[in-house]
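Thanks, everyone. Let's get the structure up on the screen and walk through a few parts of it.

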Amino acid sequence: MNASVDRASAQNNRQATASRTSRPVRRGLKIRTKLLLLVSFLLVIPWMGYESVREMEKFLLEGQEQALELTTQGISSILGNRSDLFDPGVGVPELVGSSTGNPLKTLEEPLAIDAPAGVWAQAIGELSSFTGVGLYECGADYRPDLLAVRHAMALNADMLFAYFEIDDDRVVLRDPGLLSLDSNDQIRLTIQRGSGEVSRYLLTTQEPGRISVYLMKPNWREVVNGEALRDIVGTLEPGEGGYAVKIRIPREFLGTGARLKFEVVDVDDEASRAIRQIISTEPDPFRFEFGSVRLATPELAKLIQPLYVAEANITVWDAFFRVRAQVGSVFPPVREAFGRAPQKRSFLTQIEDRFLEFFEWILRSPQRGVKDMPVDSSREDRRLLSRVIAEGNSITERRRYGEAKLIVTASPIWAAGNMEGAVLVKQSANKLLSLQYRTLQRFTLLFLGVFIFLGIAILVFATRLTYRVGKLQRETEQAATPEGRLLKNRIRAGSRSSDELGSLTRSISALLQNLGQYTQYLEKLPDTLAHELHNPLNVVNSSLENLQYNHAELSEDKHLQRARNGVGRLRSIITSLTEAASLKEALTREQVQSETFDLALLVRNCVEGYQAAHPGYRIVPNFSEAPVLILGVPDRIAQMLDKLIDNAIQFGSENGLIIVNLRRDAEFIELSVLNDGPSLPDDIADRLFDPMVSSTKDARKTHLGLGLYIVRLVAESHRGTVRAENRRGSRGVEVTVALPVEIRRRG
Amino acid sequence: MPTVIAIVEDDPDQRENYSDVLKSHGYEVRTYADRPSAEAGFARELPNLALLDIMLGEDMDGGFDLCMQLRNMSPTLPIIFLTARDSDADRISSQRMTAWDYITKPVSLEFLVARVHALLKISDQLQSAPTASTTVSVGALELNEDSMLVRWKGQSVSLTLTEFWIIESLTRNPGHVRTYDALSDVTRQGLVERNTINGYIRRIRNKFRELDESFDRIQTVHGTGYKWEQGSA
């Protein structure tokens, strides 16, 4: 017989047993996962928080907007009916510049007239472009590539500086041979003095460098005075694609309430010397008044100064879109900015900074709002103002520049039914954003803390719970064998705990205890039963004997014989019941009597005895003479063999062949008894070694199914296992006892 | 003088059956159903032999109590326990009270009568002086069939009647195997399982080992039976 095949079948057998009784494992979430999933629902809280902060922001923005509207309207009503403030003649003529630009820059140091154009450009501040089609006196055929003008002005204590960058495809300077002054590239300056007197000055030159200035008649052709003026000084500096012009005008020369207008005249054809294009710094050249001169009124600024709102820019405009006064800025003061002074940082603080950066990115730091805020938003302001002036109503709007938010309200200023101008207030929502940011930051930190704490707490709790449940499960599983026999009657782990798991443990313990008692009762039942049966059996037996004794003639009576047979069978049943019941106790008691003996010899002797006792059968030992030493109780092993042989005979075929095998390998000694009887019935194959399980169908053969149970008890007391399977290849059943090798070799 | 046998058994059917068979063999029989009546009866008249059930109605160990009382009254009175209880503990208790025999139910009446005969005979022998002629020596073992006396290396071994019969059977032919069937006959209990024989042998060995730890004369011939190994001594 192939031993490896045999082992495989044995393993199959064990696996089959295991699968029959193993606990069903279902796929699915474990407690810990479930709890952590539950914790993840907490992530809704930051979303809620974020939403509520957003709501709050909206609410606050509305509040801010209303406050701003009120401020605007307040300013406009204060300025109402104060035509004097908007009178062009009133105010200091200091501020001159582009029509809608910001107030002129004030310079600390005067600009040298011979300084390079680059120095001027840098010092004088932002240049306004005069290239837009239709805005200026350019005509329908204006081409920006032929002429473009960028211009700015600045002030210092006693001078006004004007700077021009002129893109001209062809620079045509004054021809010294020609008398006329106007047949070349030139700049015309018109000054309306406070008295209303208008003077026209033509600035022209024959070569780069100093510019000559002439007072002209209104036709710009004839000179009032042939002498060049010394008050106004200018230089021309050729540049790439054109030239730059620097002009210096003494403020004394202008006087009080003066207005300025510059026109850049372009001549491209050196032969015809015709004027091709004029670009004016004045949007409405047809008006008589020189609208280009913007006069900021200090009184106006003084009036609105007390109404200043934090991070707000208040501008007062006249009806011609000219800024008359400006207070405040939408940018926060530097110290309120969010930048950090760079310093040496440890690794930890660097991580912290990274974290904070990420934080700011997530929470949309208001610092970005500051960055995104445009320096100049005059175009949008103009659009809003034109609507205000057109409709005569207050208008409020919110603007977004990237992350920056701006609230803008504009209100008209009325004077005796005429619209005198408008007040425009811009306020950054930055303050709100930073408030929101701080709230979110605090909230997020708090939430993160709570989330981490809760997460860890629940993880610990769940781990502990899982551990306890796992332990309970293990102990419960260990409390009984896969066959369902109880190994212990209480569960120790966690039984003291006061929670539900503890009470579950106690319940299981109680259940096991009850089950144990019941099992004990069941195990004792055969013994009790046997004991109780002995007395009536004795009555029947002794009565029969008395009957026979008193009536000798009945001794051959068939009914009496049958009665005695019945008593005999009853008696053997009871005996086997008590044998099994007392065996368990006896086995534990006898374990100390273990000795090392030759199993092969014992089996061979026994087989000889069986052969003698059952001459009708052939009982054959099928193993070598070599001793197989084993540690055990020989009497019990012999008893086990008795039962194996009894079983083989009982379920084998009449006068059949019974083979006894003894094999040994590294781990096990396998003793098997094979018969040639019918196969094992499927329905009891698994329970064959349980008490009171028998496949016998013959009513007259007394079989309680205790034989193989005794085999199992003895095998288990020797730490072995038993199994029964149908023989391969031939009819019959093989019952095998596998005992672990525990050999102490003698010598 | 008639031989009086006392039967203490709570079950009337069994009691009467024992009584009937013993009467028919010419013995006088006194039957008692419980301990008080038995005590009263023993006080009136001491029987020649007592047949006791251990469990008497509710009285779990009534038989043992009676045995002790009887033993106090007469050190040589043969006492047989006839009981359904088959535990080692009960057997040891009975031995401690120097009962002469311990039979488990169901008992064959025929064998019961034989045992009663045998014990009465031994009792008679003990009352007269034991005759050395009936003593058999097998090595260190001395055996007196008439008085059921066994000595191992000069020390008396207290055996029940059945155990004595088994020893006698084993030593009758030392070195030869006594099969289970032969031993079963010797016990005079009707059909006896191998396991029961094993039990007897185990108890006999234990009794010898109490006196002599190295006792190993009774050897198991697995699957067949037992033999008395003569040994060198």
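Start in chain A, with one pair of residues. A:L674 has A:E734 as its bridge partner, and A:E734 sits in β24(A). This is a predicted model, so keep that in mind throughout.

Now widen the view to the strands. β22 of chain A covers residues 668-674. β24 of chain A covers residues 733-740. The two pair in the antiparallel sense, over 7 bridges.

Which sheet do they belong to? An open one of 5 strands, in chain A, with mixed pairing. Read across it and the order is β19-β21-β22-β24-β23. The edges are β19 (618-621) and β23 (721-726) of chain A, and each of these pairs on one side only. On average, neighbouring strands are turned by 15° against each other, direction ignored.

Next, the helices on this sheet. Helix α14 of chain A, residues 599-613, packs on the sheet. It touches β19, β21 (657-664) and β22 of chain A. The direction of α14 makes about 165° with that of β19(A). Helix α15 of chain A, residues 634-651, packs on the sheet too. That helix touches β19, β21, β22 and β24 of chain A. Its direction makes about 165° with that of β24(A).

Over to chain B. Its pLDDT averages 86, and 96% of the residues score at least 70.

Look at two helices here, α6 (residues 161-172) and α8 (residues 194-211) of chain B. At what angle do their axes cross? Roughly 90°, and the axes come within 10 Å. From α6(B), the contact uses B:T162, B:E163, B:I166 and B:I167. From α8(B) come B:Y200, B:R203 and B:I204. By class, that contact has 4 nonpolar, 1 polar and 2 charged residues.

Last stop, where the chains meet. How many residues of chain B are in contact with chain A? The count is 27, against 29 residues of chain A. On the chain B side, the elements giving two or more residues are α1 (12-24), α5 (109-127), α8 and β11 (218-221). Which of them gives the largest share? α1(B), with 7 residues. By class, this side of chain B has 8 nonpolar, 10 polar and 9 charged residues.

And the scores for the complex? The predictor gives an ipTM of 0.84 and a pTM of 0.53. That's my tour.

How values were computed
Residues are numbered from 1 along each chain as its sequence is written. Chains are lettered from A and ligands numbered from 1 in the order in which they are written. This is a predicted model: local features need pLDDT of at least 70, side-chain atom pairs count only at pLDDT 80 or more; totals for chains, interfaces and linings use all residues. Axes are lines fitted to C-alpha atoms, for helices over the stretch in contact, and angles run from 0 to 180 degrees between N-to-C directions. Helices (H or I, at least four residues) and strands (E, at least two) are DSSP runs, numbered from the N terminus. Two residues are in contact if their C-beta atoms, placed from the backbone, lie within 7 Å. Ala, Val, Leu, Ile, Met, Phe, Trp, Tyr, Cys and Pro count as nonpolar, Asp, Glu, Lys and Arg as charged, and the others, Gly among them, as polar. pLDDT is the predictor's confidence in each residue, from 0 to 100. Two strands pair if DSSP finds at least two bridges between them.
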